[in-house]
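Okay, everyone, thanks for coming.

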Amino acid sequence: MEARAEDRVTESIDWARAPADTLVCPEKEIYLRDIVQGILDGFETKEAVMEELSLIEDDEGTEDIQAILDIFVPVINAWKSGSCGMGCAGCTGSCGG
């Protein structure tokens with residue numbers, strides 16, 4: 001017997017440590033790398049990322065997009081501005097991570 005959606009326990013993912021090939025939205029085959037690429041391309045809000053990737057609120061996994069943005073937008077912006085030391089080893093702490 002298949003579990004109902006409300007009976008399923010969702011696994012919490014540490015997006016800061018997740019591999020780039022982590023599936024975020026299975027229905028549309030959207031991976032973490034796709035969302036990070038969107039951020040690199042200038043899409044820094046949930047709405048902008050969802051529009052760029054042709055996602056709608058009902059798509060599974062979209063509830064994780066804001067958490068991903070909260071982690072990666074500041075890091076990518078710090079990296080682009082030159083204030084990021086490119087990794088936590090030796091980091092000056094400017095990204096807060």
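I'll start with the overall layout, then go to the core, and finish with the charged pairs.

First, the ground rules. This is a predicted model, so local features need pLDDT of at least 70 and side-chain atom pairs count only at pLDDT 80 or more, while totals for chains, interfaces and linings use all residues. Residues are numbered from 1 along each chain as its sequence is written, and side-chain values use heavy atoms, with hydrogens and water left out.

So, the layout. We have 3 helices and 2 strands, and reading along the sequence gives β-β-α-α-α. Those elements are DSSP runs, numbered from the N terminus: helices are H or I with at least four residues, strands are E with at least two. The chain has 97 residues, and 28% of them count as buried. Buried here means under 20% relative accessible area, exposed is over 50%, and partly exposed is in between, with a 1.4 Å probe and protein chains only. The chain exposes about 6,600 Å², with carbon and sulfur atoms supplying 51% of that; the areas come from the Shrake-Rupley method with a 1.4 Å probe, and for residues only the protein chains shown count as cover.

Now the inside. What does the largest nonpolar core look like? It has 19 residues, and Leu32 and Ile35 have the most contacts inside it. At least two residues each come from β1, α1 (32-40), α2 (46-52) and α3 (65-81), and α3 gives the largest share, 6 residues. By nonpolar core I mean a set of buried Ala, Val, Leu, Ile, Met, Phe, Trp, Tyr and Cys residues joined through side-chain atoms within 4.5 Å. As a general point, nonpolar side chains in soluble globular proteins tend to be buried together.

Take Ile35 as an example. Not counting residues up to four places away in sequence, Ile35 touches Val24, Ile30, Val49, Leu53, Ile65 and Ile68, where contact means heavy atoms within 4.5 Å. Thr22 is worth a glance too: this residue sits in the segment before β1 and is buried, at 15% relative accessible area. Beyond its neighbours within four places, Thr22 contacts Ile13, Trp15, Ile30, Tyr31 and Leu32.

On to the charges. How many salt bridges are there? The count is 3, taking a salt bridge as a side-chain nitrogen of Lys or Arg within 4 Å of a carboxyl oxygen of Asp or Glu.

My pick is Asp59 with Lys28, at 3.0 Å, N to O. Asp59 lies in the loop between α2 and α3 and Lys28 in the loop between β1 and β2, so the pair ties together parts that are 31 residues apart in sequence. Is Asp59 buried or exposed? Asp59 is buried, at 6% relative accessible area, whereas Lys28 is partly exposed at 37%. The Lys28 side chain also reaches the backbone oxygen of Ser54 at 2.8 Å, a polar contact, meaning N or O atoms within 3.5 Å, where within protein one must be able to donate a hydrogen and the other to accept it, and residues adjacent in sequence count only if both atoms are side-chain atoms.

Next, Lys46 and Glu57 meet at 3.6 Å, N to O. Lys46 is in helix α2 and Glu57 in the loop between α2 and α3, 11 residues apart. Lys46 is buried at 15%, but Glu57 is exposed at 54%.

Finally, Asp14 pairs with Arg17 at 3.4 Å, N to O.
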